[in-house]
Structure formats: C-alpha cells, structure tokens
Amino acid sequence: MLLFLALAGLLADDIAATAADPPKDLLTATRAAIAATNLTSYDIGSRYAQARGASETCPGGKLTDKAAVLPSVYKGPELDVFNAQEKKIYDAWMRAKHCAQDDPSNQCKLVIDESCAAAVSEIGPSGSAFPGLFEITHP
C-alpha cells in the first residue's frame, strides 16, 4: 500500500509539472506576439486579468490557451508587475460579478454586459488591444 501511495504521489507530481509547463511552441508564439507590440508586463497583466474575469463572468466566455500561457512569460520584477496588475483587474471583475448577483436594479448587470462586449472587442479573436486571449464559445 505504501508503494502504491508513493507511486500515486509521483504521478500527481508529474501531472502537476506538466500542467504548470506550457507547450514550448505556444509559449514561444505568445512571447513573439507580445514582442510585436508595445505592451509592458503591466499591460499584459491587465489583459490576462480581463480574459480571466471575462471567462468567469461572461455567458459562454472562455479563456484561450494563448491567455493561459501568459503567467509563464515573465520572471523576476516583470512577473511581480504582471501579478500585481492582474490581481487588481481580476478583483474588479469578481466584484462586478458578485454585485450583479445581488443587484435588483440591474445596474451591475449592465456594467458586466458592457465589460463583456469590451473584452470581445479588445482581446477577442480579432481584438484591437491584444487579440486571441478570450472567446465566446456559445451565447
């Protein structure tokens, strides 16, 4: 039984390592896409948070693989900037999401609807800010 638990632990560690390590081709392509812009780690942290928040808030919203790899792009101080900005923007999305659940006036729902439309426009498949981070899979 102890051997089984040890093997299960090793397997879990391998799965966790695989899940944490994005495919190199996707990581390389995402780094190249960022390099082709003037976006900083602060900007990319904002867009990543927008994609995360929208994927959890907008009906049919989905975070893309390109977005999921973004936290792996940065290291050191740039990662700190990315993470700090990501937290601020993501927290704002979650506050709006929870507000809409408890808002009889529907004002929060309107904010979410406009935010979801902005996410599609800015980071959707043909986005104007950084395309390909977010998509609507079904309405």
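I began with Glu 86, which, leaving out residues up to four places away in sequence, touches Gly 45, Tyr 48, Ala 49 and Arg 52. I bear in mind that this is a predicted model. Glu 86 lies in helix H5 and is buried, since its relative accessible area is 10% and the cut-off for buried is under 20%.

I then turned to Ser 46, which is found in helix H3 and also counts as buried, at 16% relative accessibility. Setting aside residues up to four places away in sequence, I noted that Ser 46 touches Gln 85 and Ile 89.

**Nonpolar core**

I looked up which members of the largest nonpolar core, a set of 25 residues, touch the most other members, and these are Ile 34, Ile 44, Leu 70, Leu 133 and Phe 134. The elements that give two or more residues to this core are helices H2 (24-35), H3 (41-57), H5 (76-101) and H6 (107-123). For Ile 44, neighbours within four places in sequence aside, I listed contacts with Ile 34, Leu 39, Leu 70, Tyr 74, Phe 82 and Phe 130.

**Aromatic rings**

I searched the whole structure for aromatic pairs and found 2. Tyr 74 is buried at 7% relative accessibility, and Phe 82 is buried at 1%. Tyr 48, Tyr 74 and Phe 82 form one aromatic cluster.

Last, I checked charges over rings: Arg 52 lies over the face of Tyr 90, at 3.7 Å from the ring centre, and Lys 66 lies over the face of Phe 130, at 4.5 Å from the ring centre.

Terms used:
Residues are numbered from 1 along each chain as its sequence is written. This is a predicted model: local features need pLDDT of at least 70, side-chain atom pairs count only at pLDDT 80 or more; totals for chains, interfaces and linings use all residues. Side-chain values use heavy atoms; hydrogens and water are left out. A nonpolar core is a set of buried Ala, Val, Leu, Ile, Met, Phe, Trp, Tyr and Cys residues joined through side-chain atoms within 4.5 Å. Buried means under 20% relative accessible area, exposed over 50%, partly exposed in between (1.4 Å probe, protein chains only). Helices (H or I, at least four residues) and strands (E, at least two) are DSSP runs, numbered from the N terminus. Contact means heavy atoms within 4.5 Å. Rings of Phe, Tyr and Trp (its six-membered ring) pair if their centres lie within 6.5 Å; planes under 30 degrees apart count as stacked, over 60 as edge-to-face and the rest as tilted. A charge sits over a ring if NZ of Lys or CZ of Arg is within 6 Å of the ring centre and within 35 degrees of the ring normal.
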